[in-house]
Amino acid sequence: MQEGMALVNELLSRMTLEEKVAQLCAVHASRLLEGRKFSEEKARTVLAHGIGQITRLLGTPDLEPEEAVELGNAIQRFLKEKTRLGIPAMIHEECLSGLLCKRATVFPQAIGLASTFNPELVQNVTTAIRKTMRALGVHQGLAPVLDIPRDPRWGRTEETFGEDPYLVSRMASAYIRGLQGEDLREGIVATAKHFTAYGISEGGRNLAPAKVGERELREVFLFPFEVAVREARVRSLMNAYHEIDGVPCAASSFLLTKVLREEWGFGGIVVSDYEAVRMLATFHHVAENEKEAAVLALRAGIDIELPDADCFPHLVAAVREGCISEEVLNEAVRRVLVVKYELGLLEGLPFADPGNVVLLDPPEHRALSREAARASLVLLKNDGVLPLKKDLRTLAVIGPNAYDPINLHGDYSFTTHVPSVLAWKGREARWEVAVPTVTVLEGIKAKVSPETQVLYARGCGLTESSEEDLREALEVAQKAEVIVAVLGERSGLFRQSLSGEGSDRVDLALPEAQRNLLKALHELGKPIVLVLVNGRPLELLWEHEHIPAILEAWYPGEEGGNAIADVLFGDYNPSGRLPVSFPKASGQVPVYYNRKPTSFSEYVTVDAEPLFPFGHGLSYTTFAYRDLQITPEKVRGLEPVTVQCTVENTGTCEGEEVVQLYLRDKVASCVRPRQELRGFVKIRLAPGERKTVTFTLFPEQLAFYDAHMRFVVEPGTFEVMIGASSRDIRLSGTFEVLEERVIPKYRHFASEVTVE
């Protein structure tokens with residue numbers, strides 16, 4: 001790295017003020033086009049001093065992927081040959097559930113990946129994404145999302161890894177490792193976002209303020225980011241749009257400098273969320289104009305303004321007028337150049353082969369998408385209806401999500417994202433599927449016996465209904481032995497759909513049209529399987545009381561229909577677990593499992609417990625837990641604690657169980673959560689097979705921030721709980737800590753798990 005720093009410092013010493021500022025700016029690819037081709041004339045103006053980043057070539061709606069790769073090459077060639085310093089640009093793209101690009105593999109949405117409780121699988125997914133992105137000339141991916149949602153009315157719940165900071169941290173670490181790889185010269189810079197506490201917006205409204213104290217901020221909302229920085233070595237972070245205690249995150253030197261750089265030692269780059277710098281003036285009103293907004297953001301710690309050169313070009317004048325020192329500017333430029341060096345951009349021409357577009361959705365990635373989708377499905381309820389027989393005489397598939405492939409995609413898939421953005425901007429949008437997608441109806445038809453008659457009716461729209469649609473659905477259902485009702489939401493952006501960014505809801509029930517359809521089907525007295533395709537926890541109390549089987553599918557991606565059919569007919573034993581709690585009523589929210597004991601008082605008409613708790617998920621087999629051992633029972637100093645148990649498959653088919661370890665500090669100097677996840681592992685067991693699971697807990701898993709904001713392990717008794725969910729606890733015991741210990745910083749961010 002010494003050689004790299006020498007090169008970076010040499011470049012920096014030669015730069016003009018305009019060239020330095022250019023490295024902190026981005027340009028949207030569309031600004032460099034004349035029709036569908038690269039315009040050197042436009043580039044001579046837009047890229048005269050170089051540029052830091054190019055925004056979303058492959059996500060450009062009007063270009064085919066091959067054209068986007070060729071445009072990227074033309075831009076890099078111009079930067080290398082026609083600018084004074086010849087510094088290539090970083091090209092960034094979205095990659096939350098796969099590369100946001102026409103024809104690229106679409107994996108399950110993030111909330112589905114979290115439901116797998118399988119970090120290794122998540123790393124396999126992002127390794128596949130990395131290989132595709134790098135082959136097409138991309139250098140940075142704007143993912144993963146580490147927000148912790150506590151109000152599922154918030155539309156972006158689907159983009160998260162759920163409500164628990166420990167689970168989020170393990171999934172985030174795996175995601176980042178897969179995307180960045182072992183060497184950034186062959187990797188993609190991951191971008192942990194949105195920094196921070198974005199998922200607790202007031203009223204579940206996107207961009208609304210977050211109300212949180214520093215203790216909770218550090219223990220819950222900052223924790224996954226600290227793991228991303230210090231364990232996974234993420235090379236980029238993105239600020240959140242909102243404010244915390246009156247300070248917008250984009251202008252928070254406490255977050256972006258004190259915590260991120262001084263406490264955690266982060267050496268990568270901070271990129272602004274799209275238009276977040278301008279919003280300091282137009283939304284938060286903490287800046288008078290674009291120049292003031294740019295100064296606030298740079299001084300706080302934002303290095304690059306995305307998606308376009310909007311406010312940051314004013315930094316040239318700001319430095320010359322003495323509004324901000326050039327040394328602050330230099331530090332940001334140095335960080336940008338260091339990351340470009342790590343990517344190999346300062347040492348060679350970063351050209352990509354347009355022929356690599358064939359890698360967009362290769363068979364092995366499609367197979368991996370199906371594997372991830374199957375593992376993400378959560379069986380919420382089963383009164384013996386599932387698995388279905390493949391040789392049923394007749395089967396009815398009914399519902400608005402049964403035969404519309406778009407509805408299987410999350411909000412950052414090209415299929416949903418680009419049309420939503422275009423429609424939001426007032427441009428005519430084409431709602432077409434950007435990659436072949438298997439619907440639930442198609443998956444079922446491919447699975448059943450050739451003699452089985454599969455009948456279909458839409459029944460209603462997502463939010464609208466008609467007598468004709470309902471009549472057709474009831475006629476179809478009358479002919480069937482079993483009904484599969486496929487209901488839920490559709491993802492999109494900015495109120496274009498029922499979930500997704502900017503698509504927040506005031507209640508969590510199924511839309512009236514869908515619930516009325518389901519009630520009418522229920523009155524027929526036939527077995528019903530409810531398949532939910534959605535992006536957030538829903539209010540399902542009526543459904544739970546009346547429908548015998550409920551399968552949560554989230555947005556499972558391009559192979560979703562096949563994955564759902566695999567589970568419905570028993571070719572795959574469901575193993576997903578809920579990363580978020582489902583309420584009994586919308587008015588219960590928040591119902592996250594790791595609340596404080598003081599948060600469980602009952603309402604007049606309902607208690608404070610969720611309908612389906614965090615970690616819940618059923619299987620087609622059964623598991624028994626036994627032989628809990630905790631060593632030592634009395635802990636001195638900072639020694640680790642081992643927790644061991646045996647898990648046996650007591651059913652008749654092979655299955656996977658997610659063994660979950662929770663802790664409770666029984667008496668502490670500050671109020672502690674009722675329980676906290678501190679370890680988990682997914683194990684596969686054949687019928688009659690048993691395995692021994694051993695968790696090693698380190699002092700960091702016992703510590704919290706006390707009244708003096710010391711990170712401390714206090715003396716006292718800790719309750720250990722092992723089970724199949726946060727409420728389905730099978731084994732419990734205690735150990736006692738005898739001495740107080742202050743921990744200066746994390747050494748272990750997670751417990752260690754072995755399975756024998």
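Me: By class, how many residues in the lining of the largest pocket are nonpolar, polar and charged?
Reply: The lining has 19 nonpolar, 9 polar and 15 charged residues. Here Ala, Val, Leu, Ile, Met, Phe, Trp, Tyr, Cys and Pro count as nonpolar, Asp, Glu, Lys and Arg as charged, and the others, Gly among them, as polar. This is a predicted model: local features need pLDDT of at least 70, side-chain atom pairs need 80 or more, and totals for chains, interfaces and linings use all residues. Residues are numbered from 1 along each chain as its sequence is written, and side-chain values use heavy atoms, without hydrogens or water.

Me: How is a pocket found, and which residues lie nearest the centre of the largest one?
Reply: Rolling a probe the size of a water molecule over the atoms shows where empty space is left. A pocket is an open set of points on a 1 Å grid where a 1.4 Å probe fits, with protein on both sides within 12 Å along at least five of seven lines; lining residues have an atom within 4 Å of a point. In this model, 43 residues line the largest pocket, and Y274, E275, V421, W424 and K425 lie nearest its centre. Helix α16 (414-424) gives the most to the lining, 5 residues.

Me: Which residues have the most contacts inside the largest nonpolar core?
Reply: In soluble globular proteins, nonpolar side chains tend to be buried together. A core joins buried Ala, Val, Leu, Ile, Met, Phe, Trp, Tyr and Cys through side-chain atoms within 4.5 Å. Buried means under 20% relative accessible area (1.4 Å probe, protein chains only). This core has 191 residues, and F161, F312, I444 and L568 have the most contacts inside it. Helix α7 (residues 165-180) gives the largest share, 9 residues. Helices are DSSP runs of H or I, at least four residues; strands are runs of E, at least two.

Me: What does I444 touch beyond its neighbours within four places in sequence?
Reply: I444 is in contact (heavy atoms within 4.5 Å) with L395, V397, V454, V484, A565, L568 and F569.

Me: Is Q23 buried or exposed?
Reply: Q23 has 2% relative accessibility, so it counts as buried. It lies in the loop between α2 (17-22) and β1 (26-28). I51 is 28 residues away in sequence, but 4.9 Å away from Q23, C-alpha to C-alpha.

Me: How many residues of strand β26 are buried?
Reply: In β26 (residues 716-723), 7 of the 8 residues are buried, so the strand is largely enclosed by the rest of the structure. Two strands pair if DSSP finds at least two bridges between them. β26 runs antiparallel to β21 (residues 655-665), with 6 bridges. It also runs antiparallel to β27 (residues 729-737), with 8 bridges. F718 stands opposite F735 in β27.

Technical notes. Buried means under 20% relative accessible area, exposed over 50%, partly exposed in between (1.4 Å probe, protein chains only).
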